Amino acid sequence: MEVITIRRGSGEPYVLIHGIGSRAEVWAPVIPALADQFEVIALDLPGFGRSPAQIQRPTIDRQADVLAAWLREEGLKGCHVGGNSMGGAIALELARRGAVRSAVAIAPAGFWTPQERRWCQDSLSRAKAQIGLLRPVLPAVVATAAGRTAFGWQVLGRPWAVPPAELVGTADALLGAEAFDEALALFDEYTFHDAEELDGVPVMVVWGSRDRLLLARRQAARARRVLPGARHEWIEGAGHLPMWDEPDATASLLVSGAG
């Protein structure tokens, strides 16, 4: 299977998995700190970023199965893994499958109610449609702090601080993601379950206090109940993508989660 990666550093492998509609570059703010201690491998999931779509019915479980096989093929079984959003759910599923040594799930999908899941799906679907309409003028929109705030308020705690080029690249990654629509619809089939199957794997779950996409305060409390054996952490001021809002804090948690 063809999976495009960004690789930096040396040491124990640490695989980073982005969320739906995203790309490997979303991890850029934390890669340098991780690369001081690990071989960092940030990947584009099949059907996202530069990786071609290669998974039929890309449910979260199916993506985890395929990625577990890819880790074996690449000699990466037993790596550390960090994931964000859909990638956070995949990280937990890799831990369930015994494919990784540790897992850090940042704002993971799957701790939702049906109503919260639909809110997430509808929000992302609307965002894609709006970005498609705005794309011709997007560089001008995000050239100002006010424009960046209006563009990124739902997934970023401090959208005005994100470089304009990154926001344009994020928009293009979403619009170009072949697997986006199907993977988003297939969220219907996923809720985290059977926490005891992760016993024996160190797991950390991280939330940003300003995560408006997954309604962090509700879902963080639910994650504590559903996954009592995990370490649960909170990043004040961060949104759904804390690697951009609070890169130092996020990198520190990723490192300690692999300890």
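The legends below describe several close-up views of one predicted model.

Residues are numbered from 1 along each chain as its sequence is written. Because the model is predicted, local features need pLDDT of at least 70 and side-chain atom pairs count only at pLDDT 80 or more, while totals for chains, interfaces and linings use all residues, and side-chain values use heavy atoms, with hydrogens and water left out.

**View 1**
Helices (H or I, at least four residues) and strands (E, at least two) are DSSP runs, numbered from the N terminus, and two strands pair if DSSP finds at least two bridges between them. Strand 2 (residues 12–17) runs parallel to strand 3 (residues 38–43) and is joined to it by six bridges, with Ile17 placed opposite Leu43. Strand 2 also pairs in the parallel sense with strand 4 (residues 79–84), here over four bridges; in this pairing Val15 stands opposite Val81, and the bridge partner of Leu16 is Gly82. Strand 4 in turn pairs with strand 5, again in the parallel sense and over six bridges, and Gly82 stands opposite Val104 of strand 5.

Buried means under 20% relative accessible area, exposed over 50%, and partly exposed in between, as found with a 1.4 Å probe on protein chains only. Strand 4 is mostly covered, since six of its six residues are buried: Cys79, Val81 and Gly83 point one way, whereas His80, Gly82 and Asn84 point the other way. His80 lies in strand 4 and counts as buried at 1% relative accessibility. Contact means heavy atoms within 4.5 Å, and, leaving aside neighbours within four places in sequence, His80 is in contact with Glu12, Pro13, Tyr14, Val15, Phe38, Arg101, Ser102 and Ala258.

Helix 3 (residues 86–96) is largely enclosed by the rest of the structure, because 11 of its 11 residues are buried. The buried residues include Glu93 and Arg96 as well as Met86, Ile90 and Leu92. The cover over the buried residues of this helix includes strand 2, helix 2, strand 4, strand 5, helix 8 and strand 6. Gly98, whose phi is positive, near 70°, follows helix 3.

A nonpolar core is a set of buried Ala, Val, Leu, Ile, Met, Phe, Trp, Tyr and Cys residues joined through side-chain atoms within 4.5 Å. The largest such core has 89 residues, and those with the most contacts inside it are Trp27, Leu94, Val203 and Leu227. Its largest share, seven residues, comes from helix 3.

The expected span of a helix is 1.5 Å times one less than its number of residues, so the 14 residues of helix 2 (residues 60–73) should span 20 Å, which agrees with the 20 Å between its end C-alpha atoms. The buried residues of helix 2 are Ile60, Gln63, Ala64, Val66, Leu67, Ala68, Trp70 and Leu71. An α-helix has 3.6 residues a turn, so residues three or four places apart point the same way. After helix 2 comes Gly75, with a positive phi near 70°.

**View 1. The aromatic pair of Trp112 and Phe187.**
Rings of Phe, Tyr and Trp (its six-membered ring) pair if their centres lie within 6.5 Å, and planes under 30 degrees apart count as stacked, over 60 as edge-to-face and the rest as tilted. The structure holds three aromatic pairs. One of them, between Trp112 and Phe187, is tilted, at 5.4 Å centre to centre and with 45° between the planes. Trp112 lies in the loop between strand 5 (100–106) and helix 4 and Phe187 in the loop between helix 8 (180–185) and strand 6 (203–208), so the pair ties together parts that are 75 residues apart in sequence. Both Trp112 and Phe187 are buried.

Ser123 lies in helix 4 (residues 114–134) and is buried, with a relative accessible area of 4%. Not counting residues up to four places away in sequence, Ser123 touches Gln154 and Leu213. Cys79 is buried at a relative accessible area of 1%, and Cys120 counts as buried at 2%. A disulfide is a pair of cysteine sulfur atoms within 2.5 Å, and a search of the whole structure finds zero disulfides.
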